[in-house]
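Me: I would like to learn how to read a few features in a model of a protein chain. Please give the general idea each time, then the case here.

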Amino acid sequence: MPVTVLLVDDEPLVRAGLRAVLEAQPDIEVVGEAADGAAVIPLIRQLRPDVVAMDVRMPLLDGIEATRAVLRTVDNPPKILVVTTFENDEYVYEALRAGADGFLLKRARPAEIVNAVRLVAEGESLLFPASVRQLAAEYGVGGGNPAARAVLDRAALTEREAEVLRLMTRGLSNAEIATRLIVGTETVKSHVSAVLAKLGARDRTQAVIAAYESGFVAPG
């Protein structure tokens, strides 16, 4: 089955460009478009896309608030990939904190766009880990978020789970973590699932944000 994508951007040319790039792939299908975040929830419920590629800045409802609304109200929500003009943007970091699964630059090359959609859909690797680390260093709280620290303390990660989380922050996939730790991929998947459950994280992106904000790892 192809990965289905909903495009949300107030610029028709951006939507047209993304559609052309994505629909050139046999394993990706664009199932709908919207010009503002306010239209996202009804379209998600109608179309059930796997991934929503959504502009972070829109006039009525921006990508941050739209992300919060989707995760708050939609059962089994899709992966959310925020699309942005600027990589080092506080709006992007806030969208990730709100629950977005990754971000994509509007100037990205076609191969990067396709790879981003596939990676986010699969959910087994962190998208642009160096950029997430840079965003955390600039807009995070340098490990000084008491709420994030409390969540990590309550999680009581085992030594192996903590090791897996550290490797997740570096962007390693499950297969790469398995190779590094000399264990099976299914074992790594079990550890990742345990980390997400203990942290109350929707996916590995939110787990990595929590790791930075709690001071578990330093973003620098």
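Reply: Start with the elements: helices (H or I, at least four residues) and strands (E, at least two) are DSSP runs, numbered from the N terminus. In that scheme Asn145 lies in the loop between H6 and H7. The model is predicted, so local features need pLDDT of at least 70 and side-chain atom pairs count only at pLDDT 80 or more, while totals for chains, interfaces and linings use all residues. Residues are numbered from 1 along each chain as its sequence is written, and side-chain values use heavy atoms, with hydrogens and water left out.

Me: Is Asn145 buried or exposed?
Reply: Buried means under 20% relative accessible area, exposed over 50%, and partly exposed in between (1.4 Å probe, protein chains only). Asn145 has a relative accessible area of 15%, so Asn145 is buried.

Me: What does the side chain of Asn145 reach?
Reply: A polar contact is a pair of N or O atoms within 3.5 Å; within protein, one must be able to donate a hydrogen and the other to accept it, and residues adjacent in sequence count only if both atoms are side-chain atoms. Here the Asn145 side chain reaches the backbone nitrogen of Ala147 at 3.0 Å. The wider term, contact, means heavy atoms within 4.5 Å. With neighbours within four places in sequence left aside, Asn145 is in contact with Arg97 and Glu213.

Me: Which backbone atom does the side chain of Arg15 reach?
Reply: The Arg15 side chain reaches the backbone oxygen of Asp9, at 2.6 Å. Arg15 belongs to helix H1 (residues 12–23) and counts as buried, at 13% relative accessibility. Beyond neighbours within four places in sequence, the contacts of Arg15 are Leu7, Asp9, Asp10, Glu33, Ala34 and Ala35.

Me: Which residues of helix H8 are buried?
Reply: An α-helix has 3.6 residues a turn, so residues three or four places apart point the same way. In H8 (residues 159–169) the buried residues are Glu161, Ala162, Val164, Leu165, Leu167, Met168 and Thr169. Their cover includes helix H6 (129–139), helix H7 (146–155), helix H9 (174–181), helix H10 (185–199) and helix H11 (204–214).

Me: What is Leu165 in contact with?
Reply: Leaving aside neighbours within four places in sequence, Leu165 is in contact with Leu152, Leu157, Val195, Leu199, Ala207, Ala211 and Phe216. Leu165, in helix H8, is buried at 0% relative accessibility. Its C-alpha atom is separated by 11 Å from that of Tyr212, 47 residues apart along the chain.

Me: How many residues does the largest nonpolar core have?
Reply: A nonpolar core is a set of buried Ala, Val, Leu, Ile, Met, Phe, Trp, Tyr and Cys residues joined through side-chain atoms within 4.5 Å. The largest one has 54 residues, and those with the most contacts inside it are Val8, Met54, Leu96, Leu165, Met168, Ile177 and Leu199. There is a second, separate core of 21 residues, which includes Leu7, Val21, Ile28 and Val114.

Me: How is the packing of two helices described?
Reply: Two packed helices are described by the angle between their axes and the distance between the axes. Axes are lines fitted to C-alpha atoms, for helices over the stretch in contact, and angles run from 0 to 180 degrees between N-to-C directions. Angles under 35 degrees count as roughly parallel, over 145 as roughly antiparallel, 65 to 115 as roughly perpendicular and the rest as oblique. The axes of H8 and H10 come within 9 Å and cross at roughly 90 degrees, so H8 is roughly perpendicular to H10.

Me: And how do H9 and H10 pack?
Reply: Their axes are 8 Å apart, at an angle of about 110 degrees. H9 and H10 are therefore roughly perpendicular to each other. On the H9 side the contact is made by Asn174, Ala175, Ile177 and Ala178, and on the H10 side by Thr185, Val188, Lys189 and Val192.
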